[in-house]
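Thanks for coming. I will go through one structure, chain by chain and then at the contact between chains.

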Amino acid sequence: MKTHAKDLDECGRLSAKALGFELQEIEDWQCCGGTYPLAKDEIATKLSSVRALVAARDAGQDLITLCSACFNVIKQVNNDMATDNDIRTKVNNYMKLDTPYKGDVKVLHYLTVLRDTIGWDKVKEAVKNPLTGMKIGGYYGCLLLRPSNVLELDDPENPQILEDFIRALGGEPVIYSMRNECCGAYTILEDKKIPEKRSRKILTNAQDMGADFLITACPLCEYNLSQNEMSKDVPVYYFTKLLAHALGLRDMEELQ
Amino acid sequence: MDDIKKMTEQVERISGVDVRKCMRCGKCSATCPNYDEMEFHPHEFVYMVERGKIRNLMDSKALYTCLSCFACIERCPRQVEPAKLIEATRMMVEREKGAMHLKPEMVAEKLDDKLPQQAIVSAFRKYKK
């Protein structure tokens, strides 16, 4: 977020201020690892997420993420700490905290703060450059939605948070069936053909349904989709970049 | 000789999956976005673990083409959650001494100036211990 996904970060912070909330970065944060450790006996790979959660708890704050992957990993680890006695005991034994951590911090994605705390009406009121006439596809991918019983962000098969977001900014949301299917993710380092094929299918589907461009909350989705030839016709932007543009905070040259 | 019973127990323990809950509906493989790239498909992982064919799974490239997209986990009507078996089998391989599907020295040539760090940390989490 400090280098490759600057837009996601900077535009998110700028927009938050304009909408009346401030994001405080956790000091000396560690990377969540990008993908949730699915094995039940994995402990070490969950510690960085727990450290972030403990920092938020000690500061008396909710933990907000801008990135889908951070949200997915940290919220699932938080759920382990709240519900899995074995994992909770091992992690706490290792970390030797003054107060053991029990998964009591609220993990929120930036989009849910807009929906549940600020409200779409308030966002709409703050819009200075409405995206009138723009047909925009929300690209959810995997990590915002699944597993839905833990993440509880939206309906995993028929989500609407990105569509509501687009409507609040004055744009027209485009529904396309591949919006919650995988872009190919980290297989970019295993076999480039996999994300190439996955991303092409997603972009083709979005184009067929009439999308001018897509928005995403995930740096790896942004990369995989943007690397694809099809993205010349259907480019991909971070949702916060679009938000900052609509709020009149930073113009998007791409939309001129 | 592999101790098949022991290996099967290990995969079940690491994954936390009860393969006997599967009702063989095939929804996991039907919904798998990377079906075409997998030698063994999610439903086959369930069946083969049940039959003790762990070594065949451990030797398969399918371990590295699972996208961890959570589609089969989300959509399994019996909460069998096949991706957890794929992960557990991969762990069986990666936890052997010296095993490392993606070695750090292999990464440099795969980088370009736009690739997010997320890709590298995720790949390391999936392709090595």
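Which pattern does chain B follow when read along the sequence? It is α-α-α-α-α-α-α-α: eight helices and zero strands. Helices here are DSSP runs of H or I with at least four residues, strands are runs of E with at least two, and both are numbered from the N terminus.

Before going on, the conventions. This is a predicted model, in which local features need pLDDT of at least 70 and side-chain atom pairs count only at pLDDT 80 or more, while totals for chains, interfaces and linings use all residues. Residues are numbered from 1 along each chain as its sequence is written, and chains are lettered from A and ligands numbered from 1 in the order in which they are written.

Back to chain B. Its C-alpha trace spans about 45 × 35 × 20 Å along the principal axes. The radius of gyration, taken over C-alpha atoms, is 15 Å, close to the 14 Å from the globule rule for 129 residues, so chain B is as compact as a globular protein of that length. That rule is 2.2 Å times the number of residues to the power 0.38.

Of contacts in chain B with a separation of 6 or more, 71% join residues 24 or more positions apart. Contact means C-beta atoms, placed from the backbone, within 7 Å.

Now the interface. Chain A puts 32 residues in contact with 34 residues of chain B. On the chain A side, helix 9 (193-208) and helix 10 (219-227) are the elements giving two or more residues. Helix 10 of chain A gives the most, with three residues.

Technical notes. Contact = placed C-beta atoms within 7 Å.
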